[in-house]
Amino acid sequence: MYEHIVTVLQPTDAHSYLAWGRLESRRERGVGRTASEDVVDEDDDDKDGTTAAVISSNSKASSIFQTGTQHCPNSTHLYHGWAIHEQYTLHNTPKARSLLQTALDLDPNNGYVCHAYGLLEHTMGEVSKAKSLWQQGLVYQPSAALVCSLGEMYVASGDFHSARELYSTYLHKLPNGRERTEVYLSAASLEERVYNDVEKASELLRRACSEGGSSSGREEG
């Protein structure tokens with residue numbers, strides 16, 4: 001269906017390329033492509049990028065995303081979706097990093113891109129860069145994913161006060177009940193595990209439950 005839409009009906013429809021690429025990415029993940037088959041990281045001896053290029057060229061999803069970005073070069077969502085495929089399906093970190101940087105250059109205010117890019121950098125041990133990316137995303141497009149990732153980073157480093165302040169500040173800036181619930185849960189865990197304040201943790205959990213009726217779905221990207 002998507003192939004017919006983008007090749008015949010609307011060859012410049014970024015949303016159809018994105019949906020088609022994601023579909024093929026899920027298929028590739030499902031047929032058993034594993035980390036042991038195709039893994040590229042920054043320490044590989046392949047300095048000219050040949051290995052990464054071969055991995056991506058063997059992926060139908062990568063080909064779809066590449067074609068999509070050729071027809072829709074300003075689509076942040078396509079570069080973001082392509083990066084997620086490269087990182088989590090092909091385990092091609094250098095390519096994913098390059099694509100996320102392109103997406104960020106196109107839209108520095110995109111919280112979803114900031115979050116994904118921060119996760120990649122955090123996985124690679126670039127904690128300061130991950131922190132900067134998550135903080136950047138919170139300025140322009142706050143989300144529970146950004147708040148909770150940054151909060152977990154603060155907790156892991158022992159900066160409990162910053163985590164507490166972060167949760168308190170952004171609870172009132174999130175767009176819907178589902179997102180607020182996620183942050184309430186993180187805040188409650190902090191109060192119980194770190195501050196031993198069971199009463200406050202219980203109150204936060206009650207608020208999380210009360211948000212359940214106002215929850216609405218969301219999808220990153």
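This dialogue explains how to read several features of a predicted model.

Visitor: How is the packing of two helices described, and at what angle do α2 and α4 pack?

Guide: Two packed helices are described by the angle between their axes and the distance between the axes. In this predicted model, helix α2 (residues 14–30) and helix α4 (residues 60–71) have axes 8 Å apart, at an angle of about 165°. An angle over 145 degrees counts as roughly antiparallel, so α2 is roughly antiparallel to α4.

Visitor: Is the crossing of α2 and α4 left-handed or right-handed, and which residues make the contact?

Guide: The crossing is left-handed. On the α2 side the contact includes Y17, L18, W20 and G21, and on the α4 side it includes K60, A61, I64 and F65. Sorted by class, the contact of α2 with α4 has 6 nonpolar, 5 polar and 4 charged residues.

Visitor: How do α11 and α12 cross?

Guide: Helix α11 (residues 177–193) and helix α12 (residues 198–211) cross at roughly 165°, and their axes come within 8 Å. These two helices are therefore roughly antiparallel to each other, and their crossing is left-handed. Among the residues that meet are Y184, L185 and A188 in α11 and L204, L205 and A208 in α12. The contact of α11 with α12 divides into 8 nonpolar, 2 polar and 6 charged residues.

Visitor: How many residues does the largest nonpolar core have, and which have the most contacts inside it?

Guide: The largest nonpolar core has 25 residues, and L138, V147, L150, L166, Y167 and V183 have the most contacts inside it. Helices α8, α9, α10, α11 and α12 each supply at least two residues of this core, with α9 giving the most, 8 residues. Leaving aside neighbours within four places in sequence, Y167 is in contact with residues including V147, G151, V183 and L190. Another core, of 23 residues, lies apart from this one; W82, A83, L99 and A116 are among its residues.

Visitor: Where is N196 found, and is N196 buried or exposed?

Guide: N196 is found in the loop between α11 and α12. N196 is exposed, with a relative accessible area of 61%. This residue also has a positive phi of about 55° although it is not a glycine.

Definitions and conventions:
Residues are numbered from 1 along each chain as its sequence is written. This is a predicted model: local features need pLDDT of at least 70, side-chain atom pairs count only at pLDDT 80 or more; totals for chains, interfaces and linings use all residues. Side-chain values use heavy atoms; hydrogens and water are left out. Axes are lines fitted to C-alpha atoms, for helices over the stretch in contact, and angles run from 0 to 180 degrees between N-to-C directions. Helices (H or I, at least four residues) and strands (E, at least two) are DSSP runs, numbered from the N terminus. Angles under 35 degrees count as roughly parallel, over 145 as roughly antiparallel, 65 to 115 as roughly perpendicular and the rest as oblique. A crossing is left-handed if the near helix is turned anticlockwise from the far one by less than a right angle, and right-handed if clockwise. Contact means heavy atoms within 4.5 Å. Ala, Val, Leu, Ile, Met, Phe, Trp, Tyr, Cys and Pro count as nonpolar, Asp, Glu, Lys and Arg as charged, and the others, Gly among them, as polar. A nonpolar core is a set of buried Ala, Val, Leu, Ile, Met, Phe, Trp, Tyr and Cys residues joined through side-chain atoms within 4.5 Å. Buried means under 20% relative accessible area, exposed over 50%, partly exposed in between (1.4 Å probe, protein chains only).
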